[in-house]
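Let's take a walk through this fold, one contact at a time.

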Amino acid sequence: MASPPTFFDTAGRASSSELQKQAESVRSHTCAMPLLDGLPEPAFLLNAQRQIVLANRAGAALAAKLGAPTSVEGLRLGEALECVNVAAGPDGCGTSARCQHCGAGRANKAFSDSAGEYQGEFRLRSVHHGEESAHTFQFHLAPVVLAGSTLRLCSLSDITAEKGREVNDRIFFHDVLNTAQAVHGAADLITGEDDPGTLEELARVVARSSAALVAEIEAQRDLMLAEEGRLEVRREPVAVGALVNDIAALYRQSRFGAGRHIEVLADPSADPVMTSQVHLSRSIGNLLKNALEASGRGERVTIAVSDEDAHLRIDVRNPAVMPEAVQAQVFQRFFSTKASTGRGLGTYSVRLLVTGFLGGTVGFTSTPGEGTTFTIRLPKWAGMNEGG
C-alpha cells in the first residue's frame with residue numbers, strides 16, 4: 001500500500017511485529033537498557049520511520065507529564081509529547097507543513113538523508129484536556145547501531161526556564177530600567193525647575209512613565225502566574241466597544257502608532273461581557289501593538305467588535321501577510337520576528353490568558369490581499385458571578 005503524500009517528511013510506519021522485533025533486539029543487548037535508563041535526560045530510540053522503539057524512564061515520564069498514552073512505543077516524538085501540529089499532517093508527526101519549521105523535524109529529515117549527529121532546539125506547544133503548555137527543548141540526535149540496524153538516539157533537555165531567564169535578562173530588565181531611568185530623570189528635573197508650564201509637563205512624563213513601568217511589571221508577574229496555573233482573574237461586566245476605543249486612543253499617542261491609522265469598528269454602547277477587563281485589555285493591546293509594528297507608515301490597522309450568537313468577536317487586522325515560517329510559530333513561547341528586541345511573549349501570552357483564564361479562543365488568518373487578522377472570541381456568559 002502506497003504511503004500518503006505529505007507536506008514535509010515521509011509517511012509510512014513499521015508494523016507492530018517489526019517494532020516488537022526492534023525492541024527485542026535492543027533488549028537482547030545486556031547493556032543497552034541500563035545505559036539508556038542511566039541517562040538523566042529523556043531519551044528515545046527511534047527507527048527509520050521515526051517511531052519510538054524504546055524510551056528510557058525519563059523519556060516515559062516526560063511523555064506522561066505532557067499527557068501521552070501509557071506506552072509511547074510506536075509513536076513519533078511529537079505524538080508522544082502531544083504536539084498540537086500532529087493532527088495537521090496526513091501521517092502524524094513530521095508530515096504537516098508546519099513540521100518543516102521544527103528543529104527536531106528538520107534534524108530527523110536530514111538524518112534520513114545522511115545518518116549522523118544533529119543537535120539544536122525546538123519549541124513545543126501541546127494541549128491535553130484543554131490545558132496548554134509550551135516548552136523549549138534542546139535535542140541531540142545520533143546514530144546507534146544494534147544488531148546490524150541503525151537506530152536514532154534522541155535525547156532532550158528542557159531549557160524552557162533557561163530561555164525565560166535569558167529573555168528576562170536581555171529584554172525585560174532592559175525595558176524596565178529604561179522606563180525607571182525616564183522616571184528618575186524627570187523627577188530630578190522637577191526638583192530644580194521653577195517654571196509652572198515645564199513642571200506640569202514633567203509631571204505628565206513621570207505619570208506616564210511610572211504607569212508604563214507598573215504595567216510592564218504586572219504583565220510579567222501575571223504571565224508567570226498564568227504559566228503556573230495560579231493566576232486569579234476578577235470578572236466584571238466589560239463594555240468591550242468602549243474598551244477598544246480607549247486602547248486605540250492610547251496607541252495613537254504611542255510610538256507604535258506614529259504614522260499609522262487606527263480604525264475602530266465597534267459600538268461603545270453594546271452590551272457588556274463578563275470578563276477580566278485588565279487581562280482582556282492587555283491581550284487586545286498586545287495584538288494591536290503587533291499589528292502596528294507589522295504595518296508601514298500610512299497603513300491602516302483595524303479593530304472590530306461584533307456579535308456572534310453566544311460569543312463576542314474581536315478582530316485586529318493589518319495589511320501585512322506573515323511568511324509561512326512565522327505563521328507556523330506564532331503562538332510559540334519565545335518565538336519573535338524581532339530577533340534582537342523581541343521577547344516572543346506577545347501572541348503566546350494572549351493565547352495563554354484568553355484560552356486559559358477568560359474562557360475564549362484565539363486564532364488568526366493571514367492571506368495575500370486580505371492581510372493578517374487575529375481573532376478573539378469570548379463567551380458572553382450572561383449573569384455569571386464575579387470571581388476567579
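Start with D307 and K380, whose side chains meet in a salt bridge with N and O 3.0 Å apart. A salt bridge here is a side-chain nitrogen of Lys or Arg within 4 Å of a carboxyl oxygen of Asp or Glu. The pair links distant parts of the chain, with D307 in strand β9 and K380 in the segment after β12 (371–379), 73 residues apart. D307 is exposed at 55% relative accessible area, while K380 is partly exposed at 29%. For those labels, buried means under 20% relative accessible area, exposed means over 50%, and partly exposed is in between (1.4 Å probe, protein chains only).

Before going on, a word on what you're looking at. This is a predicted model, where local features need pLDDT of at least 70, side-chain atom pairs count only at pLDDT 80 or more, and totals for chains, interfaces and linings use all residues. Residues are numbered from 1 along each chain as its sequence is written, and side-chain values use heavy atoms, with hydrogens and water left out.

Back to strand β9, at R300 this time. R300 forms a salt bridge with E263, with the closest N and O atoms 4.0 Å apart. R300 lies in strand β9 (residues 300–308) and E263 in strand β7 (residues 261–265), so the pair ties together parts that are 37 residues apart in sequence. Both partners are partly exposed: R300 has 46% relative accessibility and E263 has 28%.

Which order do the strands of the open sheet follow? Five strands line up as β7-β9-β10-β12-β11, with mixed pairing. Two strands count as paired if DSSP finds at least two bridges between them. The strands themselves (E, at least two residues) and the helices (H or I, at least four) are DSSP runs, numbered from the N terminus. β7 and β11 (361–367) stand at the edges with a single partner strand each, so one side of each is left without a neighbour in the sheet. The twist averages 15° from one strand to the next; angles run from 0 to 180 degrees between N-to-C directions, using axes that are lines fitted to C-alpha atoms, for helices over the stretch in contact. Strands of a sheet pair through backbone hydrogen bonds, either parallel or antiparallel. Strand β10 (residues 311–318) and β12 run antiparallel and are joined by eight bridges. Look for R313, which stands opposite R377 in β12.

Now for the helices lying on these strands. Helix α8 (residues 240–252) lies across β7, β9 and β10, running at about 175° to β7. α11 lies across β11 and β12, at about 140° to β11. Contact, by the way, means heavy atoms within 4.5 Å.

Is α11 largely enclosed or left open? Nine of its twelve residues are buried, so α11 is largely enclosed by the rest of the structure. Among the buried residues are Y348, L352, L353 and F357. After α11 comes G359, with a positive phi near 75°.

R27 and E73 form a salt bridge, the closest N and O atoms being 3.5 Å apart. R27 lies in helix α1 (residues 16–27) and E73 in the loop between α3 (57–65) and α4 (77–80), so the pair ties together parts that are 46 residues apart in sequence. R27 is partly exposed at 46%, and E73 is partly exposed at 39%.

There's also a network of salt bridges linking R13, R76, E79 and D91. D91 sits in the loop between α4 and α5 (103–113) and counts as buried, at 14% relative accessibility. Leaving aside neighbours within four places in sequence, D91 is in contact with A11, G12, R13, R76 and E79.

Finally, zoom out. The structure holds 16 salt bridges, and the protein chain has eleven helices and twelve strands. Of its 388 residues, 42% count as buried.
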